[in-house]
Amino acid sequence: MGALSALFRRGGLGSGSDWTSLVTAEANAQGVDPSLAIALMMTESGGNAGAINPADPSYGLFQVTPGTASWMAGRPVFPDDLMDPAPNARLGIAYLKYQLDRYGGDVALAVNAYRAGTASGTPRSQSYVARFFGYLESL
């Protein structure tokens, strides 16, 4: 992870925090390969805990939507909740694990489903998966 460790620091993105420890610990706790979780975080937000995509809208490190977060948590989750890196990572990694389990461990299908939700993959989703694998290969 050394080569990408500077990417995980939010120094240029609003803070000096390093999210690798948080993401690694959460991935390990959920039985997910930390490299997959880190690559997903980088694909989703570039390691920026303050990232917001107004199109979805999705929030934080794992660009989780309130709808997906509420479904995963079994209770209402609001945008402010998702701006906190710890619950964002917990919910984002839980959703990744759900997709990995759903697709029998097929990482490409799981990552495509993470991006596309329940819709089938689109060319945009395929470029997203390619970007994910680019980050994964860099770790």
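User: Which residues does R90 touch, not counting residues up to four places away in sequence?

Analyst: R90 touches E26 and Q30, where contact means heavy atoms within 4.5 Å. This is a predicted model, in which local features need pLDDT of at least 70, side-chain atom pairs count only at pLDDT 80 or more, and totals for chains, interfaces and linings use all residues. Residues are numbered from 1 along each chain as its sequence is written, and side-chain values use heavy atoms, with hydrogens and water left out.

User: Why is R90 called partly exposed?

Analyst: Buried means under 20% relative accessible area, exposed over 50%, and partly exposed in between, with a 1.4 Å probe and protein chains only. R90 has a relative accessible area of 43%, so it is partly exposed.

User: What distance separates R90 and Q30 in space, C-alpha to C-alpha?

Analyst: R90 and Q30 lie 8.5 Å apart in space, C-alpha to C-alpha, although 60 residues separate them in sequence.

User: Which residues of the largest nonpolar core touch the most other members?

Analyst: A nonpolar core is a set of buried Ala, Val, Leu, Ile, Met, Phe, Trp, Tyr and Cys residues joined through side-chain atoms within 4.5 Å. The largest one has 32 residues, of which M41, F62, I93 and Y114 touch the most other members. Helix α3 gives the largest share of this core, seven residues; helices here are DSSP runs (H or I, at least four residues), numbered from the N terminus.

User: Which residues is I93 in contact with, leaving aside its neighbours within four places in sequence?

Analyst: I93 is in contact with V23, E26, A27, Q30, V32, A37 and F62.

How values were computed: Helix = DSSP H or I, 4+ residues; strand = E, 2+ residues; numbered from the N terminus.
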